[in-house]
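Student: I would like to learn how to read a helical model. Where do we start?

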Amino acid sequence: MALCACCSKVSTADSLVLGAIQIMIGIFSVFMWYLLLILYKGQIKGVFGTYEPITYKTGCSLWGIIFIISGVSIIRVARHPSPRLLTCTMIMNILCIIVAVIAVVLTVMELSSFESVSYRNYGQAKFGREISCVLLGFYPLELCIAFTYTIFGYVGLIRQSSKAPTAQVSPRGSSRSRARKPSSGSKLRRWNRARGDEGHNRGSRTHSASAAARTSGAEKSGTEGITCEISPL
């Protein structure tokens with residue numbers, strides 16, 4: 001399986017699965033919030049009042065929107081990995097951890113106590129508490145997913161930052177080695193230039209030698225003519 005470029009411990013397929021699970025948990029939580037909203041809004045005010053738990057007042061299940069955003073960011077960083085996007089995804093997962101912990105605490109507080117309500121609203125209150133029990137099983141799952149991805153994402157960022165200086169130093173070392181060791185083409189050019197300079201020097205030497213020979217021959221011929229003219233006398 002191809003590994004994610006930023007997170008070396010979580011593969012691309014695993015990241016896609018984790019993101020899809022987070023999105024499904026978030027959609028389910030938002031749907032349950034809408035169901036609880038309709039359920040509690042339809043209560044009839046009786047002698048003992050209506051049932052409005054703390055999870056309903058704070059909109060606890062509506063926080064699933066954060067789970068959806070986190071899942072989308074995980075899928076995006078799995079397809080297009082980058083350090084900046086991975087950092088944003090880790091921040092979203094940390095926020096999911098905080099939200100999941102608060103949601104668990106509020107749901108436990110709701111289920112631990114049950115105030116008296118009107119008999120007309122008892123069925124709705126009981127059904128709402130059953131929904132809270134179901135959501136209480138999904139919050140720890142979201143907490144585990146967000147915590148796992150955050151840990152492995154942090155490890156991937158540390159490894160990438162430790163490998164970055166070596167990647168920057170290696171091109172400099174290679175350029176220096178190239179500067180120290182000239183290529184074969186430059187050696188051949190230098191050799192051809194040296195041979196050309198040597199041939200030019202040889203040609204100038206032969207030309208000067210031939211010119212000297214010509215001048216010496218002219219001088220000899222002149223002296224011979226003078227001796228021939230003087231000899232009959």
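This is a predicted model: local features need pLDDT of at least 70, side-chain atom pairs count only at pLDDT 80 or more; totals for chains, interfaces and linings use all residues.

Tutor: Start with helix length. Residues are numbered from 1 along each chain as its sequence is written, and side-chain values use heavy atoms, with hydrogens and water left out.

Student: How many helices and strands does the protein have?

Tutor: Helices are DSSP runs of H or I with at least four residues, strands runs of E with at least two, numbered from the N terminus. Here there are six helices and zero strands.

Student: Which residues of helix 3 are buried?

Tutor: Buried means under 20% relative accessible area (1.4 Å probe, protein chains only). In helix 3, the buried residues include Gly 64, Phe 67, Ile 74 and Val 77. Across the protein, buried residues make up 28% of the 233 residues.

Student: What about the nonpolar core?

Tutor: In soluble globular proteins, nonpolar side chains tend to be buried together. A nonpolar core is a set of buried Ala, Val, Leu, Ile, Met, Phe, Trp, Tyr and Cys residues joined through side-chain atoms within 4.5 Å. The largest one has 27 residues; Tyr 40, Phe 67, Tyr 139 and Tyr 149 have the most contacts inside it. Helices 1, 3, 4 and 5 each give two or more residues to this core.

Student: What does Phe 67 touch?

Tutor: Contact means heavy atoms within 4.5 Å. Leaving aside residues up to four places away in sequence, Phe 67 touches, among others, Ile 23, Val 99 and Tyr 139.

Terms used. Buried means under 20% relative accessible area, exposed over 50%, partly exposed in between (1.4 Å probe, protein chains only).
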